[in-house]
Amino acid sequence: MRMSQLFVPTLREVPAEAETISHQYLLRAGMIRRIAAGIYTYLPLAQRVLEKIEEIVREEMNKQGGQELKMPTLHPAELWQESSRWDAYGRELFRLRDRHERDYCLGPTHEEVITDLVRREVNSYRQLPLLLYQIQTKFRDEIRPRFGLMRGREFTMKDLYSFDRDQDGLDVSYQKMYDAYSAIFRRCALKFRVVEADTGAIGGTDSHEFIVVADTGEDEIIYCEACDYAANVERAVAALAGEEDTAEPLKDLKLASTPGMTSIDDVVSFLGTEPQRLLKTLVYLAIDGEAYKPVVVVLRGDREVNEIKLQNHLGCMHLALADAQTVEEITQAPVGFAGPVGLKDVRIIIDAEVPTVVNGICGANRADYHWINVNPQRDFPPAEIMDLRRVAAGDKCHFCGNPLKSDRGIEVGHIFKLGTKYSVAMDATFLDEAGRKKPMVMGCYGIGIPRTMAAAIEQNHDENGIIWPLSIAPYQVVIIPVNSKNAEHMELAEDLYTRMNRVGIEVVLDDRDERAGVKFNDADLIGFPLRLTLGPRSLKEGKVEIKDRATGKVTLVEIGEAVAVIKDRIEEMGKGWA
RNA sequence: CGGGGCGUGGCGCAGUUUGGUAGCGCACAUGGUUUGGGACCAUGGGGUCGUAGGUUCAAAUCCUAUCGCCCCGACCA
């Protein structure tokens, strides 16, 4: 491809709309343009990168026995009503109506459609397992589209759905996808971690997320370097602390005056104690549509509530901290003085760590007073106990006791064991050897393609631009003749360009009549892995320069050997990933 | 939806406080000089100041409404 013909409108300045690196560089390198919030046009360079990622995905899916198909984007409402997700999916679902007033939605995911297909066409255990996938545009009316391609409302996703006869079969399919995903992200040269994850709205039992490590990521992951434990913070568990304190004798419950001390910090400094002695007491509202119920939650003063865990436990659709008025109704005291001692007629859930607190402190449900020497078993009834806390770096690993670490990252892939949720709801069954009718056991496995591209940029860039890993670079090489007015140099460049094309190297010839600086800067911004420079300096000696974008290393080679050297370099760079 | 910010040539911004008839840099076009890390000179084209209504002799500027975009929180690949 000739740079003079390539449609890459690069930008010198950073567009005001972009905050994150990937967003800025995608815009500046002329790869994407926004048409509305979370909706983008992919220009030729981006299209090439996406195709490369898709091809890697396709190869790995096929290798595991996946078969590609294509499904409709427009889904009839009935299908979604059948799985009861027409209501459950909420406002994220793009809904529309046809001229006959029939309801449809734009598919945000395709469990319903694929399950409908498979239930019609598959009847026997002999036809299982079945692994079907699609690489298609999906639509989600995100609450807040963000960070360019990271969270769009229209985006390409690879989704594979597995159908098995039983749980063991599902385990096999799941492992295949786990392996395939690891291979895919390795081939894309991304640094990633696989973590246990919450299943969210999709439902199901086990699930793992593939997280590309990046400071700008929306997800926080917790992991242990001593053992293999790794989980999204939404789900992460840690060992209980506080057991070493238990030697202390129980003291008598006492009321203490704490005027105006409404926060943990206030109480800690006022009473000269430590936050882990406090019993933080919060009132939540479990919301289901119009209905809502208050729930009191207790945990140690130095801990935070993991609302996802709480919500999963309660089984409600939404969760919110109660307003001041509700808090007063329940505790008979202003906000800041709540405690579990003496609370009645309300559901109380305590974190698993709370029972380890000895002679603790909590609000007295009375303005300006706290209880001291509170002992959970003695002073308030044994409520529901569950793991409620949000794990943080430094907490001890539940499995091996080592301190946990945390990282931020971007969720590029997510695999789920769905079980029979959809097959039961939609009656997708088969007959086993004994002629018994059974629901299929399903799994689903997604990869966000544009997000993977964006994540690759977050992880591979410098102050000059993108540094594409070879495997997903839009082109492998750019040839830059320093002086486009020099006919001899241009001829040489043309010759190298032709020969590279002939041996299958993906190459761009920067034949524009621009100054060298402009070409170099565009080359760095776009991020071609290799740059071949033709200029008087080296040509005097019959040589050309080959510069590696990632390392900045420059090597001089004889003109006649340039193509062979580039070819070798590409092969070398490709090794280790394939 | 709650909180914060922003809409002025293609891009980045100034002008808004204190109304007076739109400006700078980059980009673009033409000519010339340049040519190894975003050149220089000259000339030129391009803006209903997000939209609608109002106040006023006069509105980018003041008032009202509305739309869009970005950032922080609840959702997810």
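Chain A carries 72 positive and 91 negative side chains, and the centres of these two sets lie 3 Å apart; here Lys and Arg count as positive and Asp and Glu as negative, while His and the chain ends are left out, and each charge is placed at NZ of Lys, CZ of Arg, CG of Asp or CD of Glu. This is a predicted model, in which local features need pLDDT of at least 70 and side-chain atom pairs count only at pLDDT 80 or more, whereas totals for chains use all residues. Residues are numbered from 1 along each chain as its sequence is written, and side-chain values use heavy atoms, without hydrogens and water.

The table gives values for the whole chain.

| Property of chain A | Value |
|---|---|
| Box filled by the C-alpha atoms, along the principal axes | roughly 95 × 65 × 50 Å |

Chain A contains 16 helices and 31 strands, which are DSSP runs of at least four residues (H or I) and at least two residues (E) respectively, numbered from the N terminus. Of its 578 residues, 52% count as buried, a term for under 20% relative accessible area with a 1.4 Å probe and protein chains only.

One residue can be followed in detail: Gln459 belongs to helix H12, which covers residues 449-459. Gln459 counts as buried because its relative accessible area is 14%. Leaving aside residues up to four places away in sequence, Gln459 touches Ala189, Leu190, Lys191, Val212 and Val213, where contact means heavy atoms within 4.5 Å.

Definitions and conventions
Chains lettered and ligands numbered in written order. Buried < 20%, exposed > 50% of the residue type's maximum accessible area, 1.4 Å probe, protein only.
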